[in-house]
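Have the 3D view open as you read.

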Amino acid sequence: MTRSKPDEEEYWHSSKFRAFTFDDDDEFSSLKESKRAVNSIRLDDDDDEDDVEKVSWSGEPVGSISWSIKETASSAGQVRDQGFPKIDTAPSLSKQGSGYSLSSLFKGRSKTGSFQSFSESFSEVPSRSFAPELRKPKSEYKDYISDWTPEETVKRMRRGKLYSLETFRSLKDKLLLLDEAVNALDGNVITAVLIYLKKSLSKEILSRELMSREIALRHYIHYLKEVGEQKLLLDLLKSLGRVEDMALLQYRDHLGIKDEGRRKEFLKNCISLPFSPDDAAHVQDHYTLLERQIIIEASDKQMETKGQSDIFKKYPRKASILNMPIITTLYYSCFYHYGEPEGTFSSPANIRQTFKIAEKQYFLTALGARAKLKAWFDVDSLFTTKNWLGYTKKRSPIGFHRVVDILQKNNAPVQVLQEYLSLVEDTDLKISLAQKHKCHDVVIDTYKDLKDRQQLIVYRGKVERGSLEDRKIEALLNNTQMRWKN
């Protein structure tokens, strides 16, 4: 469709935007109509909002070519001005992601539907603070540097602050750090420093330096034991010349061996290690005891299974004797093998002689085992001795008052208790034990020997009237031949 030349000129010189003039009253009416049109828009209708043509503050449609060119030019200008930052005191409105639109600013309503004033809308826009930041004190920067002295490092370790040990690289600095940790008397700090030295020094140099530092050496040995570095610990003890400690450390390995045969062979090999005289005797006894326990266990288990012994039928074994202490083994022998010839491995006399058990320990163990079985004849023979003239006499290396306590705990009859109570040498102790265990004959005979008539009369009130004890006291009180001291 072709236009005439006047029409074409009018078309190109015309515009839908008109300039504002104060002289034209029609412009005010147009502005009022535009305001009413804007107020009539509802923000809740998202579809209507999409149809509105968005324009920039300069009046150009957003997204047009001219608008893009201006935005690119303004961005380039900001890049050139970054050499010296400018403080923007005016609040900025983000073009994207803002909760406000042009219509909401005029109507005082956000997209969420809540009404607010135009000034409140601007006040909610976040603004940056450009107050100058003060420098931190130098004491705070200490946490971010690592040029501390050994003393400062140890103090920080004790207080739980940040520290670094890698800065101590020379041997001199490392030893100064170790000495400072030892002087602090803090085991955790000493161990931490030793772990670092273990990683950064050869074991030869570390062993040499620890020889003159006994406290650090003890901590290091304990640390190696805790972490289970057995080989390194053995090498350390060997380099220090502590062969006895090295032998004891190897001897401890028997605890992890469960099989008795393998454990016995291991202990046999340990006998040749460089122990001290006392420790060597202990290891030898341990090997001999385990060897004997294996023999006794195999024999007794077979007899118990086949039912060849009455004592195993009456008192079945509750546990194996393997790996038991020497006193437990002696008690087992006194319980199941008492009276066997001394030449047998299971004989109590043989065990006592082989392992050099003290007399008191043997008497206590044998007495407890035989009293448990109510074997009172064996208890009597245990204390009966003969002199060179052939006379018998009861003798106890542990004191007869202890014998009475053991017999009473095993429910010994009164006749047995009275026999050993009468052998107590201390008179007051004898009377006290006799009254405690209700051995009336011992109390009466003791007061008779003391010729104490008054105490005998008092004690008569404690026995049952008409009993044998009451009649015995009455006979003594009526005896005219007795010479009482009161």
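## Helix pairs and a pocket

Helix α8 passes helix α10 in a right-handed crossing. Keep in mind that this is a predicted model. Helix α8 covers residues 150-159 and helix α10 covers residues 187-200, and the two pack at an angle of about 120 degrees with their axes 10 Å apart. Angles from 65 to 115 degrees count as roughly perpendicular and those over 145 as roughly antiparallel, and α8 and α10 are therefore oblique to each other.

Which residues make this contact? On the α8 side you will find Val-154, Met-157 and Arg-158, and they meet Val-189, Ala-192 and Val-193 of α10. By class, the contact of α8 with α10 has 5 nonpolar residues, 1 charged residue and no polar ones.

Now turn to helix α9 (residues 171-183) and helix α11 (residues 203-210), whose axes come within 12 Å and cross at roughly 45 degrees. That angle makes α9 oblique to α11. The crossing of α9 and α11 is right-handed. From α9, the contact takes in Leu-171, Leu-175 and Leu-178, while α11 brings Ile-205, Arg-208, Glu-209 and Leu-210. Sorted by class, the contact of α9 with α11 holds 5 nonpolar and 2 charged residues, with no polar ones.

The next pair is helix α13 (residues 230-239) with helix α14 (residues 243-251), packed at an angle of about 160 degrees with axes 8 Å apart. Angles over 145 degrees count as roughly antiparallel, and so α13 is roughly antiparallel to α14. Here α13 passes α14 in a left-handed crossing. The contact of α13 with α14 divides into 5 nonpolar, 2 polar and 2 charged residues.

| Helix pair | Angle | Axes |
|---|---|---|
| α8 and α10 | about 120 degrees | 10 Å apart |
| α9 and α11 | roughly 45 degrees | within 12 Å |
| α13 and α14 | about 160 degrees | 8 Å apart |

Let us finish with open space. Rolling a probe the size of a water molecule over the atoms shows where empty space is left. The second largest pocket has a volume of about 390 Å³. Its lining is made of 14 residues, and Lys-318, Tyr-331, Tyr-332, Phe-335 and Tyr-336 are the ones nearest the pocket's centre. Which helix gives the most to the lining of the second largest pocket? Helix α18 (residues 326-336) does, with 5 residues. By class, the lining of the second largest pocket has 9 nonpolar, 2 polar and 3 charged residues.

How values were computed
Residues are numbered from 1 along each chain as its sequence is written. This is a predicted model: local features need pLDDT of at least 70, side-chain atom pairs count only at pLDDT 80 or more; totals for chains, interfaces and linings use all residues. Side-chain values use heavy atoms; hydrogens and water are left out. Axes are lines fitted to C-alpha atoms, for helices over the stretch in contact, and angles run from 0 to 180 degrees between N-to-C directions. Helices (H or I, at least four residues) and strands (E, at least two) are DSSP runs, numbered from the N terminus. Angles under 35 degrees count as roughly parallel, over 145 as roughly antiparallel, 65 to 115 as roughly perpendicular and the rest as oblique. A crossing is left-handed if the near helix is turned anticlockwise from the far one by less than a right angle, and right-handed if clockwise. Contact means heavy atoms within 4.5 Å. Ala, Val, Leu, Ile, Met, Phe, Trp, Tyr, Cys and Pro count as nonpolar, Asp, Glu, Lys and Arg as charged, and the others, Gly among them, as polar. On a 1 Å grid over the protein atoms alone, a cavity is a set of points where a 1.4 Å probe fits but cannot get out, and a pocket is an open set with protein on both sides within 12 Å along at least five of seven lines; lining residues have an atom within 4 Å of a point. Grid points are joined across faces, edges and corners, and a volume is the space filled by probe spheres set on the points.
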